[in-house]
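Subject: Structure handover

Hi,

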Amino acid sequence: MTVIVPPKGWLKAMRDTCRRLDILFVADEVITAFGRTGPMFACESEGVEPDLMTVAKGLTAGYAPMGAVLLSDEVYQGLAESGTRSDPIGHGQTYSAHPVSAAIGLEVLRLYREGGLLANAVIQSKYFSAGLDSLLDHPLVGDSRHRGLLGAVELVADKESRTRFHPSLNLPTRLFEAGYRNKVIFRAFGDNILGFAPALCITQEEVGQLVERVRTTLDDVISQEDVRSALRTTKKAQA
């Protein structure tokens with residue numbers, strides 16, 4: 001999850017291109033749906049209606065396993081009207097119609113709107129994005145990208161060339177361990193990108209704590225001699 005944020009208009013252009021070429025447009029919203037990027041579904045931000053959409057995770061807020069594939073009416077009718085009633089359709093999902101997951105999903109969907117979670121996520125997203133951007137002045141941070149309450153910071157050995165740290169430094173493990181000591185949990189990917197997806201009920205104060213603890217974590221890691229040396233070596237080599 002490197003959190004590459006597409007430019008405005010990209011999603012609609014992809015949808016229009018697929019329609020022109022008669023290709024089904026499939027939107028994977030397992031991560032981006034249910035308010036994670038702002039609206040209920042990320043596709044809504046550009047008024048895009050996909051032919052198929054996959055969802056999970058936020059469908060039950062992670063309290064129970066459940067996933068779903070949503071179909072456009074055109075795709076559904078294509079399946080419903082093909083063949084005869086006796087023809088088997090080999091389609092199913094591991095937790096299809098599970099009563100416990102379904103009950104949890106219904107309650108979670110209600111809370112997104114009636115409980116104010118979507119509205120809160122929109123409000124807090126501006127503090128979240130500003131917080132991640134504030135880390136750009138740190139020597140280790142080369143990029144900050146985000147949409148809604150989904151974001152990432154990319155660590156580089158040189159800000160100008162965007163040169164990455166050598167894998168032998170094992171930076172992701174160091175970052176995760178330092179973060180755990182500082183009471184902040186994030187995803188530390190192998191390409192030295194830190195991924196963040198805070199709860200939609202997060203408060204402005206908690207956003208501040210998140211950013212503060214991430215900065216402390218970055219300070220802890222850069223205080224290690226071999227990391228500092230890699231940073232200086234890259235700058236000297238470029239000079």
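Below are the findings, from the whole chain down to single residues.

**Overall**

Please keep in mind that this is a predicted model. The protein chain has 7 helices and 7 strands. In sequence order they run α-β-β-β-α-α-α-β-β-α-β-β-α-α. The C-alpha trace spans about 70 × 40 × 30 Å along its principal axes. Of the 239 residues, 38% are buried. The accessible surface comes to about 13,800 Å², and carbon and sulfur atoms account for 56% of that. Take the contacts between residues at least 6 apart in sequence: 61% of them join residues at least 24 apart.

**Charges and salt bridges**

The chain carries 26 positive and 29 negative side chains. The centres of these two sets lie 5 Å apart. Side chains of opposite charge can pair when their charged atoms come close. There are 12 salt bridges in the structure.

One network of salt bridges links Asp 143, Arg 145, Glu 154, Arg 162, Arg 164 and Asp 191. Some details on its members:

- Asp 143 and Arg 145 meet at 2.6 Å, N to O. Asp 143 is partly exposed, at 22% relative accessible area. Arg 145 is buried, at 12%.
- Arg 164 and Asp 191 meet at 4.0 Å, N to O. Arg 164 lies in the loop between E5 and helix H5 (171–181), and Asp 191 in the loop between strand E6 (187–188) and strand E7 (193–196), so this pair ties together parts 27 residues apart in sequence. Both are partly exposed: Arg 164 at 41%, Asp 191 at 23%.
- Glu 154 sits in strand E5 (residues 150–155). With a relative accessible area of 6%, Glu 154 is buried. Setting aside residues up to four places away in sequence, Glu 154 touches several network members, including Asp 143, Arg 145, Arg 162 and Arg 164. Leu 140, Val 141, Gly 142, Asn 192 and Ile 193 are also among its contacts.

A further salt bridge joins Asp 226 and Arg 174, with the closest N and O atoms 2.5 Å apart. Asp 226 belongs to helix H7 (residues 225–238) and Arg 174 to helix H5, so the pair ties together parts 52 residues apart in sequence. Asp 226 is partly exposed, at 34%.

Which residues form the negative surface patch? They are Asp 22, Asp 73, Glu 74 and Glu 81. Glu 74 lies in helix H2 (residues 73–80). Glu 74 is exposed, at 66% relative accessibility.

There is a nonpolar patch as well, formed by Leu 71, Tyr 76 and Leu 79. Together these three have about 280 Å² of accessible area. Tyr 76 is also placed in helix H2. Tyr 76 is partly exposed, at 46%.

**The loop between E2 and E3**

This loop runs between strand E2 (52–55) and strand E3 (68–71) and holds Ala 64. Is Ala 64 buried or exposed? Ala 64 is buried, at 13% relative accessibility, because the cut-off for buried is under 20%. Gly 62 is exposed, at 59%.

Beyond its neighbours within four places in sequence, Ala 64 contacts Ser 101 and Ile 104. For Gly 62 and Ala 130, 68 residues apart along the chain, the C-alpha separation is 27 Å.

Best regards

Key: Residues numbered from 1 in each chain as written. Predicted model: local features only at pLDDT ≥ 70, side-chain atom pairs only at ≥ 80, totals over all residues. Heavy atoms only, no water. Helix = DSSP H or I, 4+ residues; strand = E, 2+ residues; numbered from the N terminus. Buried < 20%, exposed > 50% of the residue type's maximum accessible area, 1.4 Å probe, protein only. Contact = heavy atoms within 4.5 Å. Areas by Shrake-Rupley, 256 points an atom, 1.4 Å probe, with all protein chains shown as cover. Lys, Arg positive; Asp, Glu negative; His and termini not counted. Charge placed at Lys NZ, Arg CZ, Asp CG, Glu CD. Patch = residues over 30% accessible without salt bridge, like charges linked within 9 Å, V, L, I, M, F, W, Y side chains within 5 Å. Salt bridge = Lys/Arg side-chain N within 4 Å of Asp/Glu carboxyl O.
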